[in-house]
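Please look at the sequence and the model first.

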Amino acid sequence: MQSIYAMHQNGSDNLEKEEKFLMHSIDAIQDLYLIMLSSLIEICKKETVFLHLSSQKHLATKEERTPNEKFIKNSIFQILAENNSLSIALENRSINNWTLNDDYILLLLNAIKESELYAKYMSNTVNTFEEDRTFVADIFAEVIVPNEKLYDYLEDDKLTWIDDIPLVNTHIVKQLKAIKQGEDDNFRVPKLYKDNEDKAYVKDLFRKTILNETELAKEYIDKTPNWDSERIAEIDTIILKMAICEFLKFPSIPVKVTLNEYLELAKEYSTPKSSIFINGILDNLVKELEGNKRIIKIGRGLM
């Protein structure tokens, strides 16, 4: 959707170039995921070094000589640091952002140590798996993710990440909360695509929508009697074309799935009333297309 919108905005008709940019942008989501997740490992390392150096001071206080190590012994930090799937992914994609910019790690560590979550967690010295897991998920969601300087850094690094950040962070929080104690393979870096068919779908939807824009627009143009077609928000027209493209040209995608997906896109990216507007058009259009037997789905329960 965003790639099609960008093509409209810059007047580009270079399909191959825009498709290459689309696939590159999607691939970069994996880097964003690894950068965000590895921040937890680096924060733990930074605090470990700090405690060690503090304990070595000539006039170290009692608290500095025997610090509360609950934070650095958090079991979720250890699981992430020792996870093969994560280590391999970080190496393969050469993710070294925090080595080059460890001032952000210090900034995040300080923000964590100033939080009420940290004060409550460090009020005792006993690590329990449940508390460790809840603490890490909470500081990630409530301290790291909302940090404005981190957001600015990510935005400066790659502009396309702005729309990917919520998706990536939501997935990481879900993964952190799902980690179980005592399982060797309880955390894996997710694949960007489910399979080759999933990746092919991205290209197909992009190409088929772009190459059939005029034809797809004709399907909804007379379904908006109270709206001049030129007054319809451009992002809404793209959402309508993509949804209609899935109805007519993707026989394996259920109609209900298409409806739900594009209504959610409208809620997220368009005007407050867009989802109601788009739902009304698509609902009437589906009835018409089904009546004319133009929607053909393959497989059980796909309508």
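The sections below go from the whole chain to single residues.

## Basis of the model

The model is predicted: local features need pLDDT of at least 70 and side-chain atom pairs count only at pLDDT 80 or more, while totals for chains, interfaces and linings use all residues. Residues are numbered from 1 along each chain as its sequence is written, and side-chain values use heavy atoms, with hydrogens and water left out.

## Overall form

The chain has 16 helices and zero strands. Both kinds of element are DSSP runs, numbered from the N terminus: helices are H or I runs of at least four residues, and strands are E runs of at least two. The radius of gyration is 24 Å, well over the 19 Å from the globule rule for 303 residues, so the chain is more spread out than a compact globule. That radius is taken over C-alpha atoms, and the rule is 2.2 Å times the number of residues to the power 0.38. Along its principal axes, the C-alpha trace spans about 80 × 40 × 35 Å.

Of the 303 residues, 44% are buried. Buried means under 20% relative accessible area, exposed means over 50%, and partly exposed lies in between (1.4 Å probe, protein chains only). Contact means heavy atoms within 4.5 Å. Among contacts between residues at least 6 apart in sequence, 78% join residues at least 24 apart.

## Helix H2

Helix H2 covers residues 15-55, which is 41 residues. From its first C-alpha to its last, H2 reaches 60 Å, close to the 60 Å expected at 1.5 Å a residue. The expected span is 1.5 Å times one less than the number of residues in the helix.

H2 also has a kink of about 25°, centred on Ser 39. The bend at a residue is the angle between axes fitted to the seven residues ending there and the seven starting there.

## Aromatic pairs

Seven aromatic pairs are found in a search of the whole structure. Rings of Phe, Tyr and Trp (its six-membered ring) pair if their centres lie within 6.5 Å; planes under 30 degrees apart count as stacked, over 60 as edge-to-face and the rest as tilted. Phe 71 and Phe 135 form an edge-to-face pair, with 6.0 Å centre to centre and 80° between the planes. This pair links distant parts of the chain, 64 residues apart: Phe 71 is in the loop between helix H3 (62-65) and helix H4 (75-82), and Phe 135 is in helix H9 (residues 129-144). Phe 71 is buried at a relative accessible area of 1%, and Phe 135 is buried at 5%.

Tyr 201 and Phe 250 are also edge-to-face, at 5.6 Å centre to centre with 75° between the planes. Tyr 201 lies in helix H12 (residues 196-211) and Phe 250 in the loop between helix H14 (234-249) and helix H15 (255-269), so their pair ties together parts 49 residues apart in sequence. Tyr 201 is partly exposed at 23% relative accessibility, whereas Phe 250 is buried at 7%.

## Ring cluster and charges over rings

Ring pairs join Phe 71, Phe 77, Tyr 118, Tyr 121 and Phe 135 into a cluster. Lys 70 lies over the face of Tyr 121, 4.3 Å from the ring centre. The charged end of Lys 158 sits over the ring of Trp 161, at 5.8 Å from its centre. A charge sits over a ring if NZ of Lys or CZ of Arg is within 6 Å of the ring centre and within 35 degrees of the ring normal.

## Arg 133

Arg 133 is in helix H9 and is buried, with a relative accessible area of 16%. Apart from neighbours within four places in sequence, Arg 133 is in contact with Ile 76, Leu 176, Lys 177, Ile 179 and Lys 180.

## Positive phi angles

Ser 94 is not a glycine, yet has a positive phi of about 50°. Ser 94 lies in the loop between helix H5 (84-92) and helix H6 (97-100) and is exposed, at 57% relative accessible area.

Lys 293, also not a glycine, has a positive phi of about 55°. Lys 293 is in the segment after helix H16 (274-291) and counts as exposed at 67% relative accessibility.
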